Amino acid sequence: LFGLRRSGKTSIIYGVQRAIVTRGGCSIVIDCQSPSIHQRRLNDLLYYIVNQIKEQNRLSINLRKQSTYSEVHAAESFLNDLRALKNRMKAEFFALIFDEIERISIGTASSQHWNSERDFLLFWQAIRFGFQTSESPFTFLIVGTNPSAVERLKVFESDNPLFGNVEKRFIPMFDQSQVKDMINSLGSVMGVNFDDHSVAKL
């Protein structure tokens, strides 16, 4: 899901989270603009996500130790920990919502290892591996302003794990009637009226 800043992405995320609950699922938002997220290496971020799910849901469960989240074994450890969390919570599925995705995307990332090293490639290979496994415990949503993460065909020498594997949607701009409704609602609170010329300009 991509859109300009202030186009309503956060409101859509909240709506998606409410819908997930009605379907028996559980969600977690990973805000990639936080230095606590984008400064982590790929395997540390996978470890962080499962532990955030555990903490946010106050679960008493022993997950795999951080030492098992080596670059080689992180994908399998992540998938197994998510399955254990899903079973403990009796959730239908987990939804991983990555907001501000450009902060961990190659070419736009805020930390250098996502830009010039293989973290982006290996992280999304791990996510895709888990998502495509039979009886996968999770799905994921990517949200941001820059869709280059899903449009890039190759990452270094490999196929981009996101290219062609996610449905891309853009938040449309308001049409004239929607703009009119919005500013008349806001203006009425302040005692301000807007004529049609003002609406067209906005």
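**Before selecting anything**

This is a predicted model, in which local features require pLDDT of at least 70 and side-chain atom pairs count only at pLDDT 80 or more, while totals for chains, interfaces and linings use all residues. Residues are numbered from 1 along each chain as its sequence is written, and side-chain values use heavy atoms, with hydrogens and water left out.

**Stop 1: the whole chain**

Display the chain as a cartoon. Its secondary structure comes to 9 helices and 5 strands; helices (H or I, at least four residues) and strands (E, at least two) are DSSP runs, numbered from the N terminus. Followed along the sequence, the pattern is α-β-α-α-α-β-α-α-β-α-β-β-α-α. Along the principal axes, the C-alpha atoms fill a box of roughly 65 × 40 × 30 Å. Of the 202 residues, 41% count as buried, where buried means under 20% relative accessible area, exposed over 50%, and partly exposed in between (1.4 Å probe, protein chains only). A contact means heavy atoms within 4.5 Å. Among the contacts with a separation of 6 or more, 65% are between residues 24 or more positions apart.

**Stop 2: helix 4**

Select residues 74-89, which form helix 4. The expected span of a helix is 1.5 Å times one less than its number of residues. For the 16 residues of helix 4 this gives 22 Å, and the end C-alpha atoms are 22 Å apart, which agrees. The buried residues of helix 4 are Ala 74, Ala 75, Ser 77, Phe 78, Leu 79, Asp 81, Leu 82 and Leu 85.

**Stop 3: the nonpolar cores**

A nonpolar core is a set of buried Ala, Val, Leu, Ile, Met, Phe, Trp, Tyr and Cys residues joined through side-chain atoms within 4.5 Å. Which residues have the most contacts inside the largest nonpolar core? In this core of 44 residues, they are Phe 78, Leu 96, Phe 98, Phe 123, Trp 124 and Ile 127. Two or more residues each are given by strand 1 (26-31), helix 3, helix 4, strand 2, helix 6, strand 3 and helix 7 (148-151). Helix 3 supplies the largest share of this core, 7 residues. A second, separate core of 5 residues includes Leu 1, Ile 13, Ile 97 and Ile 171.

Now centre the view on Phe 78. Not counting residues up to four places away in sequence, Phe 78 touches Leu 46, Ile 49, Val 50, Tyr 69, Leu 96, Ile 127 and Phe 138.

**Stop 4: the aromatic rings**

Rings of Phe, Tyr and Trp (its six-membered ring) pair if their centres lie within 6.5 Å; planes under 30 degrees apart count as stacked, over 60 as edge-to-face and the rest as tilted. By this rule the count comes to 10 aromatic pairs. The rings of Phe 78 and Phe 138 have centres 6.0 Å apart and planes at 70 degrees, so this pair is edge-to-face. Because Phe 78 lies in helix 4 and Phe 138 in strand 3, the pair ties together parts that are 60 residues apart in sequence.

Phe 131 and Phe 138 form a tilted pair, with 6.5 Å from centre to centre and 50 degrees between the planes. Phe 131 is partly exposed, at 35% relative accessible area, whereas Phe 138 is buried, at 3%. Select Phe 78, Phe 98, Trp 114, Phe 123, Trp 124, Phe 131, Phe 138 and Phe 140 together to view the cluster that ring pairs link.

**Stop 5: the loops**

Select Lys 90, in the loop between helix 4 and strand 2. Lys 90 has a positive phi, near 55 degrees, and counts as exposed at 71% relative accessibility. Next select Glu 135, in the loop between helix 6 and strand 3. Glu 135 also has a positive phi, about 55 degrees, although it is not a glycine, and at 75% relative accessibility it counts as exposed.

Finally, select Glu 100, in the loop between strand 2 and helix 5 (112-116). Is Glu 100 buried or exposed? Glu 100 is buried, with a relative accessible area of 11%. Not counting residues up to four places away in sequence, Glu 100 touches Arg 5, Asp 31, Cys 32, Gln 33, Val 143 and Gly 144.
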